[in-house]
Protein chains: 4
Amino acid sequence: MKFSFKNDYSEGCHPNILQALLQYNLDQQAGYGEDEYSLQAKELIRKKINNQHSDIYFVSGGTQANLIVISSVLKPYQCVISASTGHILNNETGAIEATGHKVLSIETEDGKLRTSDIISVLENHSNVPHQVMPKLVYISNSTELGTVYTASELEELSGFCKKNNLYLFMDGARMGHGIMAEKSDLTLEKVAALTDIFYLGGTKNGALIGEAIVINNPSLQEDFAFNIKQKGALLAKGRLLGIQFLELMKDDLYFDLAKHANEQAMKIKNTLKERGVEFLSDTYTNQIFPILNNDLIKILLEKFEFYVWKKTDENFSAVRLITSWNTGDEAVDDFIEIIKKELP
Amino acid sequence: MKFSFKNDYSEGCHPNILQALLQYNLDQQAGYGEDEYSLQAKELIRKKINNQHSDIYFVSGGTQANLIVISSVLKPYQCVISASTGHILNNETGAIEATGHKVLSIETEDGKLRTSDIISVLENHSNVPHQVMPKLVYISNSTELGTVYTASELEELSGFCKKNNLYLFMDGARMGHGIMAEKSDLTLEKVAALTDIFYLGGTKNGALIGEAIVINNPSLQEDFAFNIKQKGALLAKGRLLGIQFLELMKDDLYFDLAKHANEQAMKIKNTLKERGVEFLSDTYTNQIFPILNNDLIKILLEKFEFYVWKKTDENFSAVRLITSWNTGDEAVDDFIEIIKKELP
Amino acid sequence: MKFSFKNDYSEGCHPNILQALLQYNLDQQAGYGEDEYSLQAKELIRKKINNQHSDIYFVSGGTQANLIVISSVLKPYQCVISASTGHILNNETGAIEATGHKVLSIETEDGKLRTSDIISVLENHSNVPHQVMPKLVYISNSTELGTVYTASELEELSGFCKKNNLYLFMDGARMGHGIMAEKSDLTLEKVAALTDIFYLGGTKNGALIGEAIVINNPSLQEDFAFNIKQKGALLAKGRLLGIQFLELMKDDLYFDLAKHANEQAMKIKNTLKERGVEFLSDTYTNQIFPILNNDLIKILLEKFEFYVWKKTDENFSAVRLITSWNTGDEAVDDFIEIIKKELP
Amino acid sequence: MKFSFKNDYSEGCHPNILQALLQYNLDQQAGYGEDEYSLQAKELIRKKINNQHSDIYFVSGGTQANLIVISSVLKPYQCVISASTGHILNNETGAIEATGHKVLSIETEDGKLRTSDIISVLENHSNVPHQVMPKLVYISNSTELGTVYTASELEELSGFCKKNNLYLFMDGARMGHGIMAEKSDLTLEKVAALTDIFYLGGTKNGALIGEAIVINNPSLQEDFAFNIKQKGALLAKGRLLGIQFLELMKDDLYFDLAKHANEQAMKIKNTLKERGVEFLSDTYTNQIFPILNNDLIKILLEKFEFYVWKKTDENFSAVRLITSWNTGDEAVDDFIEIIKKELP
């Protein structure tokens, strides 16, 4: 079996989680997220974000979280602003539009939105009532290109959104990786203070399934549970989500796992950089996009699985390498060894 | 802690499942249901239903299965026919309507639909194009009242639907209990042969989460996966669902668990019947609705949790008792003991 | 050609309207309802309802008005309460559900909702968040059975809705007929004061097309125009609607036309009553449902068109007779003459 | 009052239409499009397109036609391909997305789609089932920029769509202008032969309201009327639409009106071209976009109304001038006179 750098959800879950599932397995608990594990996990998250007034709901996956959040907070004629690389635009089979809402796409270099981008959308949508009304700004951290927002970038976006009566929603499918990136000065507490709503991804950071939707803006909290149920996302055995987040939040396991994933990617990145390899984007998280000679790619694919992302010229292509909470030193060392041998 | 007869999803999952999750945990597998466990589990189901041409998809829960199936097979102007007790009508926060489809409600005594019911709906919906077009017949087995369809009843419904160009869809959230009921002559093979589409519920029969949607009618199979993804139901770690159904289907664990749940309920039912207690409906599955004196209910509630379902007169109420794959003899014996003492 | 009592939209429009369309035809006017005729017509309506703060929008038809109003004011998990005879339940091809909202049906004798009906719905929808949330009460005046609400009945409903945080919406496709009914003590001013939103039907009372949506509750007014446009209801030549309502509202033509229609129906009704004929419901508007001998029906159908509504026994059926703003004395007299001859 | 070149729906309708409405006004007719005028108008259209098997439905406006067509022919996971200038993308308040379908936007120079554009969309949407499935190609003729498709361009698109299992839908809000353009070799018959579905716009070509949806692909015809009704587009007095199309189709009035509008625009265009004025796009229909000096624009705006479309540099802006069936020689001559004076 080749080792896979294809994504961060190839394995099961962190062993602590399975241990906890075993330990609590035969307790009788209330259904639908009212179990004691879910309640405790929510308390832990509220502590980490330092906001006792945020409402928290656990759902199964990222597409589900995105469609529930967006369809819940928007009125029928309101729409979303997203970078063109946004997950909701490219990889969710039109899930947002299926709830009735348009997603406006903005071209960006690095997957990050800036206020200037949003201003131009607002200016182009002033023909009331003939155009959709932009109302929610969707950003991802880390982004789909592996880049991250700094605290000051997020502050600027947040201030702009407040002033312009827009909601700011952060897709945190890879929130751990974003926050734990070497260059990041964001904390979960800041994320919560600066966004109206965000979610904390478990699936791509050591859980079996699970994302924690955190609603900071009180005006978006009312009746939110109805939306979860209506979209088929309310698990009868909510304990499955609660137990996982309880384990991930306890002792900061969530952040340690993300840090590990980032570090493994950085080892490979640094080895490549030392050899003058260029990258599609300059990332410090668990996704890297080095531009490699096609011959080298062929050699690497004999021992590893990963996506060839994009042809850059006749002889070179960018590849996408993703590491995870479970990417061991052996796989990374093997990969690096080939690099060192082929690019001496 | 009081023992709960409130529902069949109070505990975690059957130990075999956790064992398998542990065993396969660190294997790298393809995502989105392409893992080898999911593929094997589908093969096992195809064998049990004796139909190599059925398509199978695993999703997380019953509401999700219902809304995906119905929104996938209907055109915008088509609607559903359901018994008034149908889960989609009462307990899914309008999930079906949220996908754009009306659900027509038919009053029934026992939660089961009959062809005469459907005929009258068809007759009342002939004002083309001013009325919705009835197109899908939704039935549950076992029903929300604990009753079951016999093979001949299902054959009649199936023949009628074919003749009238209607789809027949069976909600099998409690399929195991329905099929394993003392009085049932249905098999999974017959269910598959007689319905266009159905699902096999895991959540209420020993899984952590999971329902297996089985599409028998080839005209409904095309592109179904798009719908799963669009509704947020495609788990990145599809292995979580695959491993569970693999364990449940192996050696018929699924059916054994349901049989156990039914038997525990029948023990209580028979004890009550011997004492002349009446029931809301005559059920042979894991749900029973005895009509008890309010004083007796109060005594039982001191030691057990269960729902008081419906006041029947000044002094009596029907209660709902649900047993599960994990309801042990001790709880049942304790309950019976109180009955015997109070109704000597 | 037989004269038709089938409905109140068999003819074109009142001649004044065509006259005005001719007169203003070649003026250049702003599009999308910003023309001066629309603005004047809205002012006239605001005067009649004695509320300068109501927002008014013109749309083409009743189904369109219903689906725009309901989808605009409800959140995704909220639903409608309607009498089982409600037009939205039976004759709009699931238009409301197609916007994502369930309509709960209440059986009534006479097509009118009462607070006791609503209370029982609220009691049966308390299982948060597993059930849809009832939020809007839909009533019609006159109803689909030709009956009308009295001022005190509407006051009671209105008070109840306010207290229970429900919106009250009146479908006024036949508002003129309702208000001008012999027994009615309602006025348009009272309707506006007691409902959150209602509409004034033109199509069934002398216009070519057109219903005027009147939004009295300020919290429902914001951004309403977006919904009109999004649902395809914003006419480029809004003047077509404005001119019609201008003519209908001027000099109370709207009410005179409805009064005429009612009176023609009452002439037939009284003739039948004097002969001991019974009716499905006791109506004072332009719809009557006499129960006639099948032989008599056959004789009448030789000279007139109307719907045979419902078999009441072996020899008798209820028929529906509808008169309109344009039903002349000759047709009514001819009809009465046959009655007098056959039921001497 | 200044004369307006803002759009082609500033006036009422062609006098023949009002004359016919008057003439037929008091006939009793069947409702909902079953009146004899609608039936005759459909026959006339079938003759013009030389296809007895096309189904035809009349609706009120363009947004309505677009949303009904698209939501009727697509499955939930299918989407639309449109030029970025498409009316559905920019000026319909998200009406298509509100029915659940994404619209993919393609940048073009001239508002026209080419097969190469579509090929690249198909290539970028191959990640089944994680992306929406492109299924319908939406084009406008004339386009929103006033340009037109030639017969051979449409043939190429049509062939490509058939080969790739895509539907081809032509928005014909300005079909008359497109077909009657000086450089156009398209006929209505060819349009019908080469598209699966299209509509013929009345609103912008002399009607009060009305677009005729023509369904040529038999597989899209089944049950279409249900969609019309469900979206609130089925007028009770369908005669209003039927009579208008009857008049417009009789003696080719529809085409004469469009030709007149085009000619008036060409007179202005030619005057400007002779003076070296440049245009945003090279159009031969009733929309022109000359680039004028801001001083000249100011002078023109003293006597005329029109939209300043887009700043092109410090001193120049493109303006949009639209002529209509009713734009008289006087207005055009006055406009030209100013041009001649200011640009001698």
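**Exercise 1.** State what covers the buried residues of helix α7 (residues 151-163) of chain D in this predicted model.

*Solution.* The cover includes α6 (115-123), β5 (133-140), β6 (167-171) and α9 (188-194) of chain D, where contact means heavy atoms within 4.5 Å. Helices (H or I, at least four residues) and strands (E, at least two) are DSSP runs, numbered from the N terminus. The residues covered are D:Ala151, D:Leu154, D:Leu157, D:Ser158, D:Phe160 and D:Cys161; buried means under 20% relative accessible area (1.4 Å probe, protein chains only).

Residues are numbered from 1 along each chain as written, and chains are lettered from A in the order written. Local features need pLDDT of at least 70, and side-chain values use heavy atoms, without hydrogens and water.

**Exercise 2.** Is strand β7 (residues 197-201) of chain D enclosed or open?

*Solution.* Step 1: five of the five residues of β7(D) are buried, so the strand is largely enclosed by the rest of the structure. Step 2: D:Ile197, D:Tyr199 and D:Gly201 lie on one side, D:Phe198 and D:Leu200 on the other.

**Exercise 3.** Which strands pair with β7(D), and in what sense?

*Solution.* Pairing requires that DSSP finds at least two bridges between two strands. Step 1: β6(D) runs parallel to β7(D), joined by two bridges; D:Met170 stands opposite D:Phe198. Step 2: β8 (residues 211-215) of chain D is antiparallel to β7(D), over five bridges, and D:Glu211 is the bridge partner of D:Gly201.

Notes
This is a predicted model: local features need pLDDT of at least 70, side-chain atom pairs count only at pLDDT 80 or more; totals for chains, interfaces and linings use all residues. The expected span of a helix is 1.5 Å times one less than its number of residues. Buried means under 20% relative accessible area, exposed over 50%, partly exposed in between (1.4 Å probe, protein chains only).
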